[in-house]
Amino acid sequence: MSLELPTSAGVSFAHAAVQVIAVGRVIDVLHIKGPAVRNLILAEDTLDDAASGHFTEKLVARRSIDADVLVRPSQVERFLEAVGQHGWRLSVPFADGSTFEHAATLVHPSLAPVDVHRRFPGVGLDPEEAFDRLWRDHSTQAIAGIDSWTPSVAAQRLILLLNAARGGSNHDDRDVAWNRATAGEQEEVREIARELRADVALAAATGHLEEYADRREHDLWELLSAGAGTPFQRWRARIRAETNPVKAVRTGWRLLVPTSHRMSLEAGRDLVGLDLLRAYVQRLTLGFGQTAGLVGRRVGGRITQRRLRPRTRG
Amino acid sequence: MTFRIPPRVAWYVPAEQAVGHLTLYLIQLPDGEPLVLTDVAAQIWIAAGVSDGAAEVPDVVQAVAEATGEDSCLIEDSVLDYLAYLVDRGLLLQDFPTSSES
């Protein structure tokens with residue numbers, strides 16, 4: 001029987017395993033969040049003694065249940081194939097993960113799960129170019145004693161903030177990665193956000209979104225950072241945020257018709273057969289009903305109420 | 001004779017430890033199963049491995065003796081035996097002095 005590891009050990013070992021595999025296969029990965037976050041970002045001065053003014057630096061503990069890695073997008077398939085040869089299994093494919101389809105989940109019999117990111121929500125730059133930019137000034141940090149590649153400190157702050165922007169307004173990482181940073185450190189984060197075209201999402205995380213009211217991503221990040229909006233409002237904001245019509249149509253369709261796995265996740269139970277069909281019909285009805293209303297207003301005519309049930313004759 | 005941690009051995013010491021005890025987790029990557037060393041065993045591995053080639057065997061024995069409150073003469077043989085075991089398991093690398101150093 002395999003030893004049951006504490007979660008923190010399992011997460012650190014998962015990071016370390018990914019690093020060893022990536023090095024062996026010459027695959028570029030960047031370890032993010034969790035134990036990959038530099039102590040410099042986590043350090044907090046605590047006042048020990050008001051009389052003497054003595055401070056002690058302590059680290060804000062991070063609790064992770066999985067290991068997060070960002071893989072060079074052009075090498076994702078090779079990465080999945082490589083880890084698959086070492087006991088890792090794809091538990092949640094990219095299409096079934098978040099609605100951004102940015103991450104997949106790998107599981108292992110002995111170690112913590114790994115969230116494999118191929119891009120990061122909030123980054124508007126092409127994913128491969130974005131990874132190039134992050135890779136350019138990456139460094140190494142020992143995780144479980146294994147030197148592992150990590151983004152620069154500024155990039156790590158940005159990633160934490162982008163994550164916080166999607167998590168709603170009360171996210172601890174805002175304080176850790178921004179509020180306690182110096183003005184110079186904040187400017188470094190803004191600079192890399194501009195390069196990655198993540199400035200709107202960063203503004204959402206740092207409370208400056210109103211400065212980007214004219215940007216197509218504004219509505220989306222306003223809703224995400226506030227944890228607000230109806231499903232239709234979020235759907236509409238996601239479409240509006242896309243950079244081209246083809247992506248917009250694909251995003252719109254995927255959000256209306258997600259995979260069966262995602263439908264089950266949202267329902268909180270496995271949906272199969274007739275239950276799954278009913279769930280799809282309900283979702284499409286809601287979506288098309290509201291879309292019809294939007295179209296109706298746009299053409300300036302009366303909204304046509306669609307009958308969803310056949311007429312009955314008494 | 002000094003010791004190093006093999007390049008593919010990951011190790012983790014949890015921040016929270018039971019009072020008076022030490023727990024260390026190890027794993028040989030990419031395909032090994034996680035292992036746990038506790039108390040004296042963990043002390044021996046840490047004293048030898050974390051020094052990264054800087055500690056000779058007597059230094060390791062002395063460090064373990066100080067950590068455990070035991071007499072170094074009394075524990076020396078046991079420490080040497082356990083170091084040999086750890087090397088045999090691939091959890092430590094043993095460096096022998098070159099002819100110019102000996």
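What you have on screen is a predicted model, in which local features need pLDDT of at least 70 and side-chain atom pairs count only at pLDDT 80 or more, while totals for chains, interfaces and linings use all residues. Residues are numbered from 1 along each chain as its sequence is written, chains are lettered from A and ligands numbered from 1 in the order in which they are written, and side-chain values use heavy atoms, with hydrogens and water left out.

Let us stay with chain B for a moment. Strand β2 (residues 9–12) of chain B runs antiparallel to strand β3 (residues 23–28) of chain B, with four bridges joining them. Strands here are DSSP E runs of at least two residues, helices are H or I runs of at least four, and both are numbered from the N terminus. Two strands are said to pair if DSSP finds at least two bridges between them. On to the next strand: β3(B) also pairs in the antiparallel sense with strand β4 (residues 35–38) of chain B, over four bridges. There, B:Leu24 has B:Leu37 of β4(B) as its bridge partner. β3(B) and β4(B) form a hairpin, with six residues between them.

Now move to chain A and look for strand β4 (residues 67–71). Five of its five residues are buried, so β4(A) is largely enclosed by the rest of the structure. Buried means under 20% relative accessible area, exposed means over 50%, and partly exposed is in between (1.4 Å probe, protein chains only). A:Ala67, A:Val69 and A:Val71 point one way from β4(A), whereas A:Asp68 and A:Leu70 point the other way, and all are buried.

Which strands pair with β4(A)? Strand β1 (residues 29–32) of chain A runs antiparallel to β4(A) and is joined to it by four bridges; here A:Ile32 has A:Asp68 as its bridge partner. Strand β7 (residues 114–117) of chain A runs parallel to β4(A), again with four bridges, and A:Leu70 is partnered by A:His117 of β7(A).

Follow the chain back from β7(A) and you reach the loop between β6 (103–107) and β7 of chain A, where A:Pro109 lies. A:Pro109 counts as exposed because its relative accessibility is 70%. The C-alpha atoms of A:Pro109 and A:Gly87 are separated by 7.3 Å, and these two residues are 22 residues apart along the chain.

Another strand pair is worth a look. Strand β8 (residues 139–143) of chain A runs antiparallel to β9(A), and five bridges join the two. A:Thr140 stands opposite A:Trp149 of β9(A). Two residues lie between the strands of this hairpin, and in it A:Ala144 takes a positive phi near 55°. Four of the five residues of β9(A) (residues 146–150) are buried, so this strand is largely enclosed by the rest of the structure.

Next come the charges. Side chains of opposite charge can pair when their charged atoms come close. A salt bridge is counted when a side-chain nitrogen of Lys or Arg is within 4 Å of a carboxyl oxygen of Asp or Glu, and the count comes to 17 salt bridges over all chains. One of them joins the side chains of A:Glu195 and A:Arg136 at 3.6 Å, N to O. A:Glu195 lies in helix α7 (residues 183–196) and A:Arg136 in helix α4 (residues 127–136) of chain A, so the pair ties together parts that are 59 residues apart in sequence. A:Glu195 is partly exposed, with a relative accessible area of 28%, whereas A:Arg136 is exposed at 61%.

A:Arg194 forms a salt bridge with A:Glu187, the closest N and O atoms being 2.8 Å apart. A:Arg194 is partly exposed at 40%, and A:Glu187 is partly exposed at 35%. A:Arg180 and A:Asp175 form a salt bridge too, with 3.4 Å between the closest N and O atoms. Elsewhere, a network of salt bridges links A:Asp28, A:Arg72, A:Glu128 and A:Asp132.
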